[in-house]
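Work through the exercises below with the model open. Try each task before reading its solution.

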Number of protein chains: 2
Amino acid sequence: MSHPFFERHQALLEQATQALASRGYWSAFTEMPSPRVYGETANDEGKAAFDARLEKPFALTQPATVGQVGKEVSPYGFNLGVSYPKADLDQLFAVIESATPAWRKAGPQAWVGVSLEILQRLNQRSFEIAYSVMHTTGQAFMMAFQAGSPHAQDRGLEAVAYAWEEMRRIPATALWEKPQGKNEPLKMEKRYRVVPRGVGLVIGCCTFPTWNGYPGLFASLATGNAVVVKPHPGAILPLAITVQIAREVLQEAGFDPNIVTLVAHEQGDDTAATLATRPEVRLIDFTGSTANGDWLERNAHQAQVYTEKAGVNQIVIDSTDDFKGMARNIAFSLTLYSGQMCTAPQNIYIPQDGIDTPEGRVSFDAVVQAIGDSIVKLTGDAAKAVEITGAIQNTAVLDRIEAARAIGEVVVDSRALEHPQFPGARVRTPLLAKVPAGEEQKVMQEFFGPISFGVATRDTAHSLALAGKTVRQHGALTLSVYSSNPQIIEQAREVAEDSGVALSINLTGGVFVNQSAAFSDFHGTGANPAANASLTDSAFVASRFRVVQSRAHV
Amino acid sequence: MSHPFFERHQALLEQATQALASRGYWSAFTEMPSPRVYGETANDEGKAAFDARLEKPFALTQPATVGQVGKEVSPYGFNLGVSYPKADLDQLFAVIESATPAWRKAGPQAWVGVSLEILQRLNQRSFEIAYSVMHTTGQAFMMAFQAGSPHAQDRGLEAVAYAWEEMRRIPATALWEKPQGKNEPLKMEKRYRVVPRGVGLVIGCCTFPTWNGYPGLFASLATGNAVVVKPHPGAILPLAITVQIAREVLQEAGFDPNIVTLVAHEQGDDTAATLATRPEVRLIDFTGSTANGDWLERNAHQAQVYTEKAGVNQIVIDSTDDFKGMARNIAFSLTLYSGQMCTAPQNIYIPQDGIDTPEGRVSFDAVVQAIGDSIVKLTGDAAKAVEITGAIQNTAVLDRIEAARAIGEVVVDSRALEHPQFPGARVRTPLLAKVPAGEEQKVMQEFFGPISFGVATRDTAHSLALAGKTVRQHGALTLSVYSSNPQIIEQAREVAEDSGVALSINLTGGVFVNQSAAFSDFHGTGANPAANASLTDSAFVASRFRVVQSRAHV
C-alpha cells in the first residue's frame, strides 16, 4: 500500500539507502544553523518557541493522563518549570492497544512515509529543539543544534533507511511451482506480510536525548511498532517536543496519534523497570549506565533489548608526525561538552620513555604537559571556552571530578568558568592527571565527565595490550592511536578488530575521535561490553519486524 | 580475501541469493534418492557406511577427549552401539580459542566458501546421513533421506546465502569527503571489517537433528564464528557425521578443524546448561522443549539465543469444495512420521453444526469420522503404513498417546503396527479423539506425537478466535484453514497475521501443512511463543557478526 508521505519522501529515502551502501560522506539535514537554509527568522522563532514552553504545562494532549510531572533544571542555572502529563500505565497501554490494529495493517510504505515526514518536521523545528537540548543537557548552543537536531535527524533517517532496506527485500507474493516429473507441477501462491513486534520502548539519556533516542524510536516506528518514549527525568523537553510532532504527523496521516506516546517521570521511581517488563513491550532501546543496561538485558526477557552503556575510551600514543596538532586535537576532544560524551577519550597511554616526534624524543611528562597546555589555551578565554565546554549536566559529574583528583598527580586542574550569558551555569574545564607506570588499574573504570588520565606504560606494545584488554573487560565506544609507524597502525587495527572497538588513526586536524557521522561511521560495535548494538546496521533493525506468510494452491 | 572454495561455489551462491529474493520454488540439492543423481551405488554405499559405524567408537579425532559417551537406540529396535568422544569442556574451549584467530581473520569469502564446500560434501554423503537420521529419529527412510539430507542441506544453504547477503552489504572501504565551505574538504579513508561474535552453540533435537540443526550451524559458521555442536543424546550420529565432514573441509582449507567441534553427552546431565552459559558462547541455536528454550532465553544472557519450542498447531475447518481431498490431506498430515513434526497439526476446529461441502451439509461427527476413516485407510496396510509413520522416537510419546485417550471420545485409536523389516520397531498409527463444545481447554497444550483432536466449536468465528488466542498463548508453527468462502479466508489471514503464524489454505492435494520449503517458506515466524526466530530471514543472521571500523585522514 503506498502512502502520500512515502511518495513525498521517496527520493530522499533512495539517497539514504544508497548512502548506507557506499558509506561515503552524506547528510540529509544541514548541520550549520544557517539563516540561508533554515530561514532568516528561524533562530529567533526557535528561541521564542522554547521560551514559550517555560514555566507552564507542556501542551501534549495524551489520554491516560493522571497528573503532571517534571522538574528539569537547566545546567545553565534556572528551572525550566515545564510539567508533562503523567501517564497511568495500564490505561496508556490500553489506548495504545486500540491504536495499533490500523497502524499494523498500514504496511511498510506507510510506516516509512510517516517516519520520514516526522523527521522532516523535526528538521523544521531544529532551533526550538536545539534550545531544549541545550537547556537540559548543558551542551553549548552549536553542539545542541548540530548533535541535537540535524545529526540526530540523520541518525533517525539512517535507521529508517536500514529498516526499509530490510523490509523491501520481502516480496509481497511469490508463485511457487514445484516440478512433479511427468505430472502437473504443484503450484502455490504465497503471500508475505511484514508485521511489527509490538510496542517499542525508548529509554532516553540526559546528555544526548535526541541523538541517542532517534535511532531506536525511528527503527521501531518504521517497522510498524507503536513507540513509548520515556525520557530521562533530566532531559524530557527535547523528546516531548519530538513526541508532540510525531503525534501531529500520525494524526494528519489518518492514524491514531497514540502510536507514539510520552511517559515522563521524575528521578528515583521505578517507571523504567515497570515499563521495560510489561508484556506488550517487545523492543527496548536504552542509553545509560551499565548497571541499568545490564539489568534490562537480564530481566526484560519478553523484549529484544538494544543497549548503549558505559565504557572506557582510550588513546594510544606511540609517536607522531605532528606533535602540536595531536596535542590540540586531543585537548579539544577532552574539552568538548566537558567530556560528557560516550565517545570522549579518558585514558591516554604513553610509553614511560617518551615518544618520537619530528622535534625529537619527547618525554612522557612532556607529552602529558603538552596536552594540558592545549587544554589551558583552549579554555583560557571564558567566553570562547563555554561555547566548547557547555555546562555540566548534573552534580554527580562534579563529584566525579573531585574524586578524580585523588587518582593521580594533577597536571591541569578542572576550573569553574563564569559563563558570560548565564551567571548560574555549571561550567568546568577538563581535569588532566598523570598515572605512573604500574598504577593503571586505578583508571580502569569510566570517569564520565571532563576527566582524563595520562597513563605511563612500559612501551607501545604494553599500551596496545592494555587498550585491548580494557575494551574487552570494560567496554569502549572509541579507540584512538597516534603513530608514524605503519606497523604500529596495523597492530592497533588488530587490537581494535580483536577487541571489537572503532579505531581512529592520527587525528590531528578537524575530525575528533568523539565524532561519529551518520551513514558512514558505525557508532558502537555491539562487540564489546559498552553496547550490545550498533547505530545503525542491519542487526539493529532486522528483529523489529516479523514476516507472516500464507499459501494456497493456484 | 577470496578463497578457492568460494570461487568453486560462487555460481550456486548467486542462485541461492536470487532464490531468497524471489521466493519461488528453488532447491540446490535433489530431494529424490535417485541413482541417476546420486550414483547407482550411492544407496548401498551409504547403507554400508552407516552399518560400519555401528558397535564401535565413532572415528572422530578431537582434542580435549576424556572418555567415550553415547547410548543411542534405534526406534526400529536395536542399539546403535556407537560411542563418541566425551569432551572436557575447559580443555575444549581452550583449543577452540587457539583455533579462532586465523578463522576470524579469514573473512566472509573464506567463511562462506568453507560452509558451501561442507554442504556439498554433506550432499555426497546423503544416504549415509539418511540412514543415521532414520535410526536415531525413527523417520521412515524416504523422509529421513529428504528432510535429513537434501532439505536440511537446502536450509543450511539458505542460511549461508542470507549471511552472505548481509555481509556483502558492508563495503571494505569508503572514502569520506566532507565539504568545508571555502576550505579543503575533510577526507578520510574508512575501513570496515566483519568480525564474528564468538562461539556459536547448536543444541540439536532428537526428531530433526540435521534439518533443525543446519540453519544455526551454517548461519554461525558462515559469519566466522566457531561452532560447538551438542546433539540430543538420542540423535548424535547424524550430527557427528556432519561435524566430521566439517572438520575435514576446514583442514583441507588450511584452517584448524577445531572451529567445528562435537560435544556428545548422555541423557540427564547438565551439559546443555553448562555450555549455554559459558562466556565464550555468544550465539545459541536451540530446538526442543518450551521449558528448556525458555530457560535459555532467560539465563544465557551472554548470548543471542534463537529458539524453536513447542506449540499447538491447528486446523480450522469452515467448509470445503473437496471433502475427500481435505480428509485425505489432513489424515496424511497426522500420520506422517506419526505426528512427531513440530509442524504437524493437533487441534482441528469444526463447527458443532457441521460444515458445507459439495455433497451438502456434513455434521461435526461425520467430519471427524471422515478424517478418521482416511487415517484407517492410509494405515491399513502395515508395510505401506510404516513408510509413512516411521517409528516412535522415544517412549515419552507412547505415554502421551496413553494419556490422550482420557481427553475425549476416541474416534480412531492408535494401533501398534508390525514393521516387516524391523520386528522390534515402535510403530504406532495416529489417535484421533473428539472434544465436545466447551471443553477445548483440555487440548490447549502440545501433545507431541500421533495425537489429534476434532474440537467442536460454536461456529467458524469461534474457531478462528480460538485459533488466534491459542497461537498467542501457546505458540504454533502452522495454522491451516479450509473454506470455500473468500471472506472466511480473509478472516483467517487476519487471524494468522495478528497472532503471527504461517497459514496454509485449502490443502487438498500434494502439499501438506507440515511441509516447509527452503528459499520460499519461512519456518516459524518468531512472532509467537513457539519460536523466537524464523528459518531463515535477515534477523536470523544479522546479529551473528559485527562490524569494526577504522578511519584515518588521506
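**Conventions**

This is a predicted model, in which local features need pLDDT of at least 70, side-chain atom pairs count only at pLDDT 80 or more, and totals for chains, interfaces and linings use all residues. Residues are numbered from 1 along each chain as its sequence is written, while chains are lettered from A and ligands numbered from 1 in the order in which they are written.

**Exercise 1. State the confidence of the model and of chain A.**

Start with pLDDT, the predictor's confidence in each residue, from 0 to 100. Chain A averages 97. In chain A, 100% of the residues score at least 70. Then take the model scores: ipTM is 0.96 and pTM is 0.97.

**Exercise 2. Describe how helix 5 of chain A packs with helix 8 of chain A.**

Helices (H or I, at least four residues) and strands (E, at least two) are DSSP runs, numbered from the N terminus. Axes are lines fitted to C-alpha atoms, for helices over the stretch in contact, and angles run from 0 to 180 degrees between N-to-C directions.

Step 1: geometry. Helix 5 (residues 108–124) and helix 8 (residues 150–168) of chain A pack at about 170 degrees, with axes 10 Å apart.

Step 2: class. Angles under 35 degrees count as roughly parallel, over 145 as roughly antiparallel, 65 to 115 as roughly perpendicular and the rest as oblique. Helix 5 and helix 8 of chain A are therefore roughly antiparallel.

Step 3: contacts (C-beta atoms, placed from the backbone, within 7 Å). Helix 5 of chain A contributes residues including V112(A), L116(A) and L119(A); among those they meet as a group in helix 8 of chain A are L157(A), V160(A) and W164(A).

Step 4: composition. Ala, Val, Leu, Ile, Met, Phe, Trp, Tyr, Cys and Pro count as nonpolar, Asp, Glu, Lys and Arg as charged, and the others, Gly among them, as polar. The contact of helix 5 with helix 8 of chain A divides into eleven nonpolar, four polar and one charged.

**Exercise 3. Which strands of the five-strand sheet of chain B stand at the edges?**

Step 1: order. The open sheet runs 9-8-7-10-11 in chain B, with parallel pairing. Two strands pair if DSSP finds at least two bridges between them.

Step 2: edges. Strand 9 (260–262) and strand 11 (304–308) of chain B each have a single partner strand, so one side of each is left without a neighbour in the sheet.

Step 3: Strand 8 (residues 226–230) and strand 9 of chain B pair over three bridges. V228(B) stands opposite T261(B) in strand 9 of chain B.

Step 4: helices on the sheet. Helix 4 (residues 89–106) of chain B touches strand 7 (199–203), strand 8 and strand 9 of chain B. Helix 12 (residues 290–299) of chain B touches strand 10 (281–287) and strand 11 of chain B.

**Exercise 4. Trace the ten-strand sheet and the contact between chains A and B.**

Step 1: order. The open sheet reads 16(A)-19(A)-20(A)-13(A)-12(A)-21(A)-22(A)-23(B)-6(B)-5(B), with mixed pairing.

Step 2: the join. Three bridges link strand 22 of chain A to strand 23 (residues 545–553) of chain B, running parallel. L503(A) stands opposite S550(B) in strand 23 of chain B.

Step 3: totals. 54 residues of chain A are in contact with 54 residues of chain B. Strand 23 of chain A gives the most to the side of chain A that touches chain B, with eight residues. That side of chain A divides into 22 nonpolar, 17 polar and 15 charged.

Terms used: Two residues are in contact if their C-beta atoms, placed from the backbone, lie within 7 Å.
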